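The sequence and the model are shown first.

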Amino acid sequence: MNDKERVAKYATQKVKNGMVVGLGTGSTANYFIEALAYRIKHESLDVTTVASSLVSMLKAQSLNIPIKAIEHIESLDLYVDGADEVAPDNTLLKGQGADLVREKLLARSSKQFIVLVDSSKRVGRIGEKFSIPIEVMPFAWQIVKLQLEQAGGKGELRLAEKGGLAVSSAGNLIIDMSFDTSLNSHRLNVILNGLPGVVEHGIFQDLADTVLLVENDEIKELIIGSKSLELP
Ligand code: 5RP
C-alpha cells in the first residue's frame, strides 16, 4: 500500500452513518473513494456523497456509491480531498484537476474539510512547486492575464492532455500563473478574489480543518481548528 492509499484509507474512519460526504479529485481522492466504497459495501455504511468534479462523480458511480448532484445540497458534513501544496500556515494550493469552483464550494460549505497529503506536498510558501491555477470566464482570459502580468505574474492558458485548451466542468478556462516571492499567498488571495473575470483560483486560505500528513509510514493528524462558516 502506498502513502496516498494509506492516508486515504485512514480518512474513511472519519466517515459516520448519515453523513453527507464531499469527494475530492485526484489520485489521493481516488483512493479515498475506493476505500469509502469498500466501507459502504462491507460495513453497511449509510452515507450520501457529492463530487467535486465530473471525474470523481463517474468514479463514485462506477463503485455504486450513493451520490447527489451538487445543486441538490446546501451543506456537507465532511469534505475529503488532496492538495498540491500545504504552507506552514496551512494555506493550500489546489486545482490540478481544474474544477476549482466545485472544490472551493465543497471546502467552504463543509462542517469539516480534511486534507490528505504526503510529505512531498509540504512547502515553505504557496507557489513554490506549482503555478497558481486561475479559473477564468472564457471571454475574460486576456484581460485577466494582462492584469496579472502587470502584478508580476507569468503564465499561460492550461492545455488539455489530449490537445486543445483545458476546460473546467463549468466551461471555464484555466490560466496557470507563477508569481515571485514578493507577492505572498495572502496578498494574492485578495487580488484574485477581487479580479472581475476570475471565477475561482487554487489558493485555499483558512478552509482546511484538519491536515492528515503521511510521513515515513506514519500518519500525523494536524488539527487546525474549525473554520468559520460566517461570511467574511
Ligand atoms: C485537484 C486537486 C488535487 O487534490 C491535487 O492536485 C492533488 O492531487 P493528487 O492527490 O493526485 O496528488 O487539487 O484539483
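In this predicted model, the buried residues of helix 2 are Thr28, Ala29, Phe32, Ile33, Ala35, Leu36, Ala37, Arg39 and Ile40. An α-helix has 3.6 residues a turn, so residues three or four places apart point the same way. The cover over the buried residues of helix 2 includes helix 1 (3-11), helix 3 (54-62), strand 1 (20-23), strand 2 (48-51), strand 4 (76-82) and strand 7 (110-118). Helix 2 itself runs over residues 27-42, 16 residues in total, and spans 23 Å between its first and last C-alpha atoms, close to the expected 22 Å. Just after helix 2, Ser44 adopts a positive phi of about 50°.

In soluble globular proteins, nonpolar side chains tend to be buried together. The largest nonpolar core of this model has 22 residues, and those touching the most other members are Val15, Phe32, Leu36, Val47, Val80 and Leu116. At least two residues of this core come from each of helix 1, helix 2, strand 1, strand 4, strand 7 and strand 13 (210-215). Helix 2 contributes the most to this core, namely five residues. What does Leu116 touch, not counting residues up to four places away in sequence? Its partners are Val7, Ala8, Ala11, Thr28, Phe32, Val80, Asp81, Gly82, Ala83 and Leu212.

**Empty space**

Rolling a probe the size of a water molecule over the atoms shows where empty space is left. The largest pocket has a volume of about 490 Å³. Its lining comprises 26 residues, and Thr25, Gly26, Gln96, Gly97 and Ala98 lie nearest the centre of the pocket. Helix 2, helix 3 and strand 4 are the elements that give two or more residues to this lining. Helix 2 again gives the most, in this case four residues. By type, the pocket lining consists of seven nonpolar, twelve polar and seven charged residues.

Across the whole structure, the search finds one cavity of 30 Å³ or more. The largest cavity holds about 40 Å³ of space. It is lined by Arg125, Ile126, Gly127, Ile132, Met177, Ser178, Phe179, Leu183 and Leu188. Six of these lining residues are nonpolar, two are polar and one is charged.

**Residues in loops**

Ser169 is situated in the loop between strand 9 (154-157) and strand 10 (173-178). Ser169 and Ile40 are 129 residues apart along the chain, and 27 Å separates their C-alpha atoms.

Most residues other than glycine have a negative phi, and most peptide bonds are trans. Asn64, although not a glycine, has a positive phi of about 60°. A positive phi, near 70°, is also found in Asp217, a residue other than glycine. Asn64 belongs to the loop between helix 3 and strand 3 (67-68), while Asp217 belongs to the loop between strand 13 and strand 14 (218-223). The relative accessible areas of these loop residues are set out below.

| Residue | Relative accessible area | Class |
|---|---|---|
| Asn64 | 66% | exposed |
| Asp217 | 55% | exposed |

Definitions and conventions. Residues numbered from 1 in each chain as written. Predicted model: local features only at pLDDT ≥ 70, side-chain atom pairs only at ≥ 80, totals over all residues. Heavy atoms only, no water. Expected span 1.5 Å × (residues − 1). Buried < 20%, exposed > 50% of the residue type's maximum accessible area, 1.4 Å probe, protein only. Contact = heavy atoms within 4.5 Å. 1 Å grid on protein atoms, 1.4 Å probe; cavity = no way out; pocket = protein on both sides within 12 Å on 5 of 7 lines; lining within 4 Å. Points joined across faces, edges and corners; volume = space filled by probe spheres on them. Nonpolar A, V, L, I, M, F, W, Y, C, P; charged D, E, K, R; others polar. Core = buried A, V, L, I, M, F, W, Y, C linked by side-chain atoms within 4.5 Å.
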